[in-house]
Amino acid sequence: FGSSLKESGWCAILQEAYVRRVDIINHGYGGYNSEWARPIFPHILTAFCKQPPSLITIFFGANDSVTEVNKKNHVPIPRYIANITNLIETATKTFPESRIIVISPPPIKSDQRPEPIWEPYVVDRFNNVIKNYHYACCKAAASFSKNVNVEVIDTWEMLLGAGYEAMLEEEIDRQLVGYLTDGLHFAKTANEKLAEKILDVIRLRFPELVPDEITPTFPVFWEVDPSDLTTLFPKK
């Protein structure tokens with residue numbers, strides 16, 4: 001569940017990793033912030049009433065972190081923390097056994113951002129601001145540290161490496177070469193990094209959800225006896 005960064009190709013990479021084992025449902029909503037996400041999240045979760053999801057990802061903050069000049073999308077940090085906290089609480093209360101991975105808003109490549117096309121025609125994304133939302137997201141997730149089913153992914157460290165806290169804008173731009181399509185949205189390399197990071201978290205924290213640990217929905221074809229199609233339904 002997230003904004004347009006959730007719509008990116010990392011979900012497709014995970015789908016390939018889990019093919020024939022689980023269904024991965026992509027609820028990415030381009031342009032949405034955590035304020036808009038909060039009221040619709042319970043409605044989205046009701047789709048899973050019959051079968052709780054094994055894993056839920058929450059990925060908001062890229063639009064919340066625009067500056068106040070963008071009044072439509074900007075969400076102040078205290079409210080952003082409250083919203084992320086609420087999304088985690090909603091997920092944990094609705095499905096206590098579901099694992100949750102919160103993904104922090106990533107840095108942008110400022111020298112790759114296109115010229116603004118919407119009024120008021122000013123730049124509204126800055127890494128020194130986004131970084132504070134990244135910290136806020138990690139802080140909100142850390143407040144659930146006693147819940148073994150909640151984990152957070154630090155996208156800044158994932159993309160920039162250790163020591164990103166001290167990086168200047170020019171160095172961030174150099175580090176992000178090849179990772180973003182337009183300075184904001186993930187290119188193939190960043191999608192691969194995030195998908196692998198999610199799988200790393202699963203291996204470390206939720207090993208029962210590693211793809212090879214999940215039995216395929218139906219058997220591979222060489223295990224099927226064409227004269228006895230009940231073999232499509234192996235005895236448990």
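**Entry 1: Asn-86 and Arg-38.** I began with the side chains of Asn-86 and Arg-38, which are joined by a polar contact of 3.4 Å. (A polar contact is a pair of N or O atoms within 3.5 Å; within protein, one must be able to donate a hydrogen and the other to accept it, and residues adjacent in sequence count only if both atoms are side-chain atoms.) The two residues sit 48 residues apart along the chain, and their C-alpha atoms are separated by 7.2 Å. I found Asn-86 in helix α3. (Helices, H or I of at least four residues, and strands, E of at least two, are DSSP runs numbered from the N terminus.) Is Asn-86 buried or exposed? Asn-86 counts as buried because its relative accessibility is 17%; buried means under 20% relative accessible area, exposed over 50%, and partly exposed in between, with a 1.4 Å probe and protein chains only.

**A note on the model.** This is a predicted model, in which local features need pLDDT of at least 70 and side-chain atom pairs count only at pLDDT 80 or more, while totals for chains, interfaces and linings use all residues. Residues are numbered from 1 along each chain as its sequence is written, and side-chain values use heavy atoms, with hydrogens and water left out.

**Entry 2: His-74.** Next I looked up His-74, in the loop between β1 (55–58) and α3 (77–94). Its side chain reaches the backbone oxygen of Val-66 at 2.7 Å. Not counting residues up to four places away in sequence, I saw that His-74 touches Asn-63, Asp-64, Val-66, Thr-67, Glu-68 and Tyr-133; contact means heavy atoms within 4.5 Å.

**Entry 3: the core.** Then I turned to the largest nonpolar core, which has 35 residues; Trp-10, Phe-186, Leu-194 and Ile-198 have the most contacts inside it. (A nonpolar core is a set of buried Ala, Val, Leu, Ile, Met, Phe, Trp, Tyr and Cys residues joined through side-chain atoms within 4.5 Å.) Which element gives the largest share of this core? It is α7, with seven residues.

**Entry 4: α7.** I stayed with this helix, whose buried residues include Leu-194, Ala-195, Ile-198 and Ile-202. An α-helix has 3.6 residues a turn, so residues three or four places apart point the same way. Among the elements covering the buried residues of α7, I noted α1, β1 and α5.
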